[in-house]
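Here are my notes from going through the model. Have it open while you read.

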Protein chains: 2
Amino acid sequence: MDEQRSRGADAAGTGRVRPVTGAVTLKQVAAEAEVSLATASRVLHRSGGREVRGLLAERVHAAAERLGYVSNPHAQALARARSSTVGLIVHDVTDPYFAAIATGAMHAAHAEGVMVMMAATFRDPELEIDYLGRLRAQGARGVLLAGSGSTDPAVSGRLGDAVSAFTREGGRVVAIGARPEAGIDAVVPDNAAGARRARAHLASLGHERIGVISGPETLLTVRQRLQGLADGLRVVGADFTREGGYQAAKKLLAEHPDLTALVALNDLMAAGVLAAAKDSGRRVPEDLSVIGFDDLPFAADLSPALTTVRLPLREMGERAMALLLADPDETSPQTIDVPVELVVRASTARMVQH
Amino acid sequence: MDEQRSRGADAAGTGRVRPVTGAVTLKQVAAEAEVSLATASRVLHRSGGREVRGLLAERVHAAAERLGYVSNPHAQALARARSSTVGLIVHDVTDPYFAAIATGAMHAAHAEGVMVMMAATFRDPELEIDYLGRLRAQGARGVLLAGSGSTDPAVSGRLGDAVSAFTREGGRVVAIGARPEAGIDAVVPDNAAGARRARAHLASLGHERIGVISGPETLLTVRQRLQGLADGLRVVGADFTREGGYQAAKKLLAEHPDLTALVALNDLMAAGVLAAAKDSGRRVPEDLSVIGFDDLPFAADLSPALTTVRLPLREMGERAMALLLADPDETSPQTIDVPVELVVRASTARMVQH
DNA sequence: AGGGATCTGGAAAGCGCTTTCCATCGCGTA
DNA sequence: TACGCGATGGAAAGCGCTTTCCAGATCCCT
C-alpha cells in the first residue's frame with residue numbers, strides 16, 4: 001500500500017489505488033485478483049510452460065480486463081532475454097522495391113502481433129552490420145534482410161560474423177534474395193528463370209542483337225539475372241538506379257546503334273532506359289524493345305507501359321516474415337524459391353525490318 | 001570472477017574471461033574497469049545527471065571498448081521508464097509519399113542514435129489507435145504520425161484520447177500534415193499556397209475552365225488544397241489513388257468536355273489522370289493541361305513529365321523527427337510551416353485556341 | 001585553522017516481468 | 001491405512017540497468 005502510494009494516487013474515494021501514469025502492472029492485477037504474481041504471469045502470458053486451471057485463471061483475466069492491463073514489453077524482454085520485435089533492414093525506404101517487400105513483411109508481422117523495427121542502411125554495408133548488432137543487443141526475435149547481398153568478401157565476412165553472433169543467441173535471420181553468407185534462411189526469386197523468359201520473349205519477337213543494362217556485379221541478384229540471360233549479349237554495367245540506367249543506355253545505344261532490344265536488370269533502370277531511348281531519338285517499341293525487371297507499381301505507367309519480369313515482392317515479404325516467425329525446429333537454413341513471371345506490356349514488339 | 005565464469009569461457013590463454021553469448025553486461029565492464037556499477041553507468045550513459053572525471057572515465061571507456069560492450073535497451077527502458085525508440089506510423093509503406101517522409105525521419109533518427117519502430121495502418125484508423133497504445137506501453141519516446149488526419153469526429157475523438165494518454169506519460173506526438181486533434185505538434189506543408197500557385201500558373205497560361213480531381217474530403221490535406229484552389233472550379237472527388245484519379249478524370253472529361261485543365265490533388269491521382277486523358281483521346285498538354293501535387297519521384301518520368309506542386313517530403317520527415325526528439329521545453333504544441341513550390345514540367349501549356 | 005558547502009564514487013533499491021524451486025494438496029496404490 | 005507421486009500455487013531470485021542516498025574527500029571562507 002505504502003509502496004503503491006509512491007507510484008500512484010488514490011482515486012476518488014474508492015480507496016483503490018490507481019496509478020497516475022496509466023501503467024497498470026502485473027503486480028496490481030495479481031493483487032486485484034488476489035493471486036500471486038507468478039499465477040498472474042502464467043495466466044496472462046502462459047509463461048513458465050504451465051497452465052493455470054479454471055477459476056483462478058478467470059479471476060486473473062477479469063482483473064486484467066477491469067484494470068486495462070497492458071504488459072510491458074521491455075520487462076518481458078529483459079526477463080525472457082528475448083523480445084517480441086523483429087528487425088527489418090532495407091537499403092532504401094524510398095525504393096519501391098523495398099517498399100513492396102516491407103509492406104508484405106509488416107502485414108505478416110502484424111498478424112502475429114509482432115512489432116517491426118525498421119532500419120534503412122542507405123546502402124552502407126557498415127550500417128547493416130551495425131543495425132544487426134543493435135538488434136541483437138535488443139534481443140530481437142529475428143531480422144529480415146531485404147535486398148540482396150554483396151559478394152565483396154570483406155563485407156560479407158563481417159556481416160557473416162554478425163549474423164552468426166545473432167543466430168548463436170537464438171535469433172533468426174532471413175534474407176530476401178540470395179546471400180553469400182552461410183546459414184541464412186532465404187526467400188529467393190527465380191531470377192535466372194525470369195531472365196530466361198525475358199530473353200525467350202525477345203527471341204520470339206525476332207530480336208537477336210540485344211543489349212543488357214546491368215547493375216553492380218557484386219550483387220548476387222545481378223549475377224543471377226545475367227546468368228539467365230545467357231551469352232552473346234552486350235552487357236554494360238551501371239548503378240542500380242534510374243540515373244544509372246539512363247547513362248548506360250545512352251552510352252550503349254551510341255556505341256552499338258544496331259541493337260534492337262535492351263533489357264534492364266531492374267525497373268528503376270528501365271525507366272532511365274526509356275528516357276535515354278527517347279533522348280536518342282528511338283521510338284519504343286518500334287525502333288527498340290525494352291524489358292525491365294521487378295514490375296514495380298509505376299511500370300505500367302511508364303510510356304510506353306513496360307514489359308517486365310514480375311517478382312511477387314509483397315508476397316515475398318510475407319513469406320520471409322512468416323519464415324522468420326516460424327518454429328525454428330525445421331531444419332534451418334531453409335531456402336524458399338519463388339517463381340516469377342513475364343508481364344508483356346507495350347515496350348516490346350516484333351522487330352521491324354528496315 | 002566466479003560469477004563471470006558462469007557466463008563466459010576463458011579465452012585462449014589470456015586469462016581474460018569472455019562471454020560466450022556476446023552479451024557483455026555493464027556489470028562486467030565495471031568489474032573490468034574496477035569501478036562500481038554506478039560509475040560505469042554514469043560514464044557510459046551519462047546517467048543520473050552526473051559526470052565522472054578523467055581517469056576513472058577513461059578506464060571505463062577502455063574496458064567497454066575491450067569487451068565490446070553494447071547496452072541493453074530493454075534494461076535501460078525498464079529502469080528509466082522510457083525507451084529510446086520512436087514510432088513511425090504511416091498509412092501505407094508502398095505509397096511513395098510516405099516512403100519519402102519515412103526516409104527523412106529515419107535519417108534524423110539515426111543521427112540521434114534512436115531506432116525507429118515502423119508500423120503501417122493500411123489506412124485503418126483503428127490500427128493507428130492500437131499502435132499508439134502499444135507504443136505507449138512500450139515507453140516509446142514519441143510517435144510520428146505521417147499522413148494527414150481524418151476529420152471524422154468519432155475517429156478523431158478516440159485518436160485524441162490515445163494521444164493524450166501518450167503525452168500525459170511524457171511521450172511526444174508529432175504529425176505530418178494538419179490534425180484536427182489538439183495538442184499535437186505538427187509539420188505542415190502550405191497546401192493552400194501550393195494550390196494557389198497551381199491555379200495562378202494555369203491562369204497565366206490562359207486556362208479558365210479547370211477541373212479538380214479531389215481526394216476524400218475527410219482528409220484535412222484535401223480540404224486545404226481545395227481551399228487554395230479557390231472557387232469556380234468543377235470538383236469531383238475520388239479515392240486518393242491512381243485508380244481513383246483515373247476513374248474520376250474519365251468521368252469529368254466525359255461530362256465536361258470543355259475543360260482545358262485538370263488539377264489532381266496528388267501525384268498518384270495525376271498519374272491516373274494522365275492515363276485517362278490518353279484513353280479519352282486528349283493530348284497532354286496540347287488539348288489538356290494537367291497538374292499534380294507532391295512531386296513524387298516518378299512524376300518526372302510520367303509522360304508527359306508532370307507539372308506539380310513540390311512538397312519537400314523528405315525534409316518534412318527530418319524536421320518532424322527532429323521536433324519529436326527535441327527538448328520538450330519549448331512551448332508545445334508547435335507547428336512548423338513548410339513552404340512548397342511549383343515545378344513546371346511538360347504537362348501544362350498555354351491553351352491552344354481552336 | 002576549523003567548519004560548513006560541494007563534489008565524488010559506491011551501495012543498494014528498484015523498474016515489471018519470468019521462472020525456478022518449494023511447499024501443499026489430492027490422489028492412487030499396495 | 002499409509003506412502004509416494006504428480007499436479008498446482010506461491011515465494012523469491014534474478015534479467016541489466018538507473019538513480020537515490022550516503023559517506024568520505026575536497027574545497028573555500030571567515
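1. Start at Ile210(A), which sits across from Ala261(A) in β10(A). Keep in mind that this is a predicted model. The strands here are β8 (residues 210-214) and β10 (residues 261-264) of chain A, running parallel and joined by 4 bridges.

2. Zoom out and you'll find an open sheet of 6 strands in chain A, ordered β9-β8-β10-β11-β12-β14, with mixed pairing. At the edges are β9 (234-237) and β14 (341-343) of chain A, each pairing on one side only. From one strand to the next, the twist averages 20 degrees.

3. Packed on that sheet is helix α10 (residues 220-229) of chain A, touching β8, β9, β10 and β11 (289-294) of chain A. The direction of α10 makes about 170 degrees with that of β8(A).

4. Now the chain contacts: 39 residues of chain B meet 37 residues of chain A. On the chain B side, α5, α6 (96-111), β4 (115-120), α7 (125-137) and α12 (267-279) each supply at least two residues. That side has 24 nonpolar, 12 polar and 3 charged residues.

5. Have a look at Val116(B), too: its contacts include Met117(A), Met118(A) and Ala119(A), as well as Val86(B) and Leu88(B). The largest nonpolar core has 193 residues, and Val116(B) is among the four that touch the most other members, along with Val116(A), Leu144(A) and Leu144(B).

Technical notes
Residues are numbered from 1 along each chain as its sequence is written. Chains are lettered from A and ligands numbered from 1 in the order in which they are written. This is a predicted model: local features need pLDDT of at least 70, side-chain atom pairs count only at pLDDT 80 or more; totals for chains, interfaces and linings use all residues. Two residues are in contact if their C-beta atoms, placed from the backbone, lie within 7 Å. Ala, Val, Leu, Ile, Met, Phe, Trp, Tyr, Cys and Pro count as nonpolar, Asp, Glu, Lys and Arg as charged, and the others, Gly among them, as polar. A nonpolar core is a set of buried Ala, Val, Leu, Ile, Met, Phe, Trp, Tyr and Cys residues joined through C-beta atoms within 7 Å. A residue is buried if 20 or more other C-beta atoms lie within 10 Å of its own, exposed if 12 or fewer, and partly exposed in between; C-beta atoms are placed from the backbone. Two strands pair if DSSP finds at least two bridges between them. Axes are lines fitted to C-alpha atoms, for helices over the stretch in contact, and angles run from 0 to 180 degrees between N-to-C directions. Lists of a residue's contacts leave out its neighbours within four places in sequence.
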